[in-house]
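Please examine the sequence and the three-dimensional model shown below. The report that accompanies them is concerned with contacts between side chains.

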Amino acid sequence: MDLLRKKSVDDVIHQNDETPESQEHGSLKKNLSALDLIGFVIGTGIFTLTGLQAKENAGPGVTISFLIAGAVALLAALCYAELASAVPTAGSSYTYSYTTIGEIFAWIIAWDLILEFALGAAVVARGWSGYVAGVFDLPDKWFAEEGSVVNVGAIFIVFVLGWVALRGIRESAWVTNGLVVIKVLVCVFVIAVGAFYVNTGNLVPFIPESQPPSGDGGSSSSLHAPLWQFLSGVEPATFGLTGIFVAAAVVFFAYSGFEAVANLGEETKKPERDMPLGLLGTLGICTALYVGVCIVLTGMVHYSDLSEGDAVADVFDQVGLEWAGILIGIAAIAGLTSVILVDLVAMPRIGFALARDGLLPEAFRRIHPTWGTPVLMTSLTVVAVALLAGLVPISVLAEMVSIGTLFAFVVVAIAVIVLRRTQPDMKRPFRTPWVPILPIATVASCVGLMASLKVDTWLRFLVWLALGFVVYFAYGYRHSRLNKSPEGDPA
């Protein structure tokens, strides 16, 4: 039963107070505002996923996919807003689960988040490299997703942004906010200019007819089928309503920045106000931009002709506006840059939270006295992401970012319900409405999207979780602070 020991909510709230221990190891600094938090999310996914999912799964209906993903993200954001404002701490859903359902589940979530952020940063770094190659006509051998042995561009951008992340959260926010202005302006530009080149014929049919997937069939195609199709024995198919939901599960990656925002609660000046504003404000702006861009892209060019790599820039090339394509390509580079930076900032906060709780070695929680960042954890994150981005063609693993995010959202929704029962008098600057109905709807919708992801994605995810159990029982279980403290609350 020690596996279900829990941290006290009060201890979590005060764990960053000035104490002899925090003076020894250092503590995170409160430097962020609501505007900074919004800046850490906008832009994820719109430049890399739209063309691929429209072409392979949803057609023009990819717009509906983004709306579905946005609706699920709204449910999750309302749950996050309550916990992030009431318990502002590094670790987000890891810490929330630690206070509600126990240590072993908290570890699973943390291990899941490490994968989410590391893989997300590596995937986007390779996408960044591809856009740079397209804009500046650089050799595919060193910059392309396919054909390169070592992706020099991806390694370069990870190390540059790793230095920014290492120097401090305020500096990271400045860089991100500057890039956000560019991204928003270009999304508005795509919508405003592209609208004049929309051919309504390209939008018909809006949801293409369901059809068998292309490929050789057999066991391989079964592994590439959505989980619900595999379990139900339904014949695999693409497009139609199935394609809409498959695409929604994948483009959920575009909303994965919510987890990064929740991780920064401990470094937010007024978390009780800024965390709900940052989470909900981001969602509204993101969804409006994403939907507008999707409609324009699939209206300008038939979905079967969309580029899988740089669709947003390529559609303008196809209609004869090469100058606009170059401009948008540059903006895409800016957008992807901010996404990489967000993940490089967020992942070390997970390691910091784990080390503070004794589940990782103490060295991982040490804070630089000047920069105010977890130096060792940030440095290791940068090296690991650079190796992944430079040496491993991981585009096929992009779905794992979505499954990790959705899994974390499920835990957060459950945590809201549990804390309402176990801590009814806890101060809640923001209260999730319609509890427990809304959190239950969040769990159901997230699980539904997870079931639309491929079988091989689930297998990789389960292998990663199994490895996490090995690390936990080899080190974390024995060194946990709750294992040493009489204040632990075995369930």
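The sections below treat salt bridges, a nonpolar surface patch and aromatic rings in turn.

## Basis of the report

The model is predicted; local features need pLDDT of at least 70 and side-chain atom pairs count only at pLDDT 80 or more, whereas totals for chains, interfaces and linings use all residues. Residues are numbered from 1 along each chain as its sequence is written, and side-chain values use heavy atoms, with hydrogens and water left out.

## Salt bridges

A salt bridge is counted where a side-chain nitrogen of Lys or Arg lies within 4 Å of a carboxyl oxygen of Asp or Glu. Across the whole structure, six salt bridges are found. One of them joins Glu 103 to Arg 5, with an N to O distance of 2.8 Å. This pair connects distant parts of the chain: Glu 103 belongs to helix H7 (residues 103-136), Arg 5 to the segment before helix H1 (9-14), and the two are 98 residues apart. Helices here are DSSP runs (H or I, at least four residues), numbered from the N terminus. Glu 103 and Arg 5 are both buried; buried means under 20% relative accessible area, exposed over 50%, and partly exposed in between (1.4 Å probe, protein chains only).

A salt bridge is also formed by Asp 357 and Lys 7, whose closest N and O atoms are 2.7 Å apart. Asp 357 is in the loop between helix H17 (322-356) and helix H18 (375-391), and Lys 7 is in the segment before H1, 350 residues apart. Asp 357 and Lys 7 are both buried. In the pair of Arg 428 and Glu 82, the closest N and O atoms are 3.0 Å apart. Through shared partners, salt bridges unite Glu 82, Arg 420 and Arg 428 in one network.

## A nonpolar surface patch

Phe 159, Val 383, Leu 387, Leu 391 and Val 392 make a nonpolar surface patch of about 430 Å². The residues of such a patch have over 30% relative accessible area and no salt bridge, and nonpolar side chains (Val, Leu, Ile, Met, Phe, Trp, Tyr) are joined within 5 Å. Accessible areas come from the Shrake-Rupley method with a 1.4 Å probe; for residues, only the protein chains shown count as cover.

Helix H18 gives the most to this patch, with three residues. Val 383 lies in H18 and is partly exposed, at 41% relative accessibility.

## Aromatic rings

A pair of aromatic rings is described by the distance of the centres and the angle of the planes. Rings of Phe, Tyr and Trp (its six-membered ring) pair if their centres lie within 6.5 Å; planes under 30 degrees apart count as stacked, over 60 as edge-to-face and the rest as tilted. The count by this rule is 18 aromatic pairs. The rings of Trp 107 and Trp 111 are stacked, because their centres are 5.7 Å apart and their planes stand at 20°. These residues are four apart in helix H7, which separates them by about one helical turn. Trp 107 is buried at 2% relative accessibility, and Trp 111 is buried at 12%.

The rings of Phe 473 and Tyr 477 have centres 6.4 Å apart and planes at 40°, so this pair is tilted. Phe 473 is partly exposed at 43% relative accessibility, and Tyr 477 is partly exposed at 25%. One aromatic cluster is formed by Phe 66, Tyr 80, Tyr 96, Phe 252, Tyr 255, Tyr 290 and Phe 409.

Conventions. Patch = residues over 30% accessible without salt bridge, like charges linked within 9 Å, V, L, I, M, F, W, Y side chains within 5 Å.
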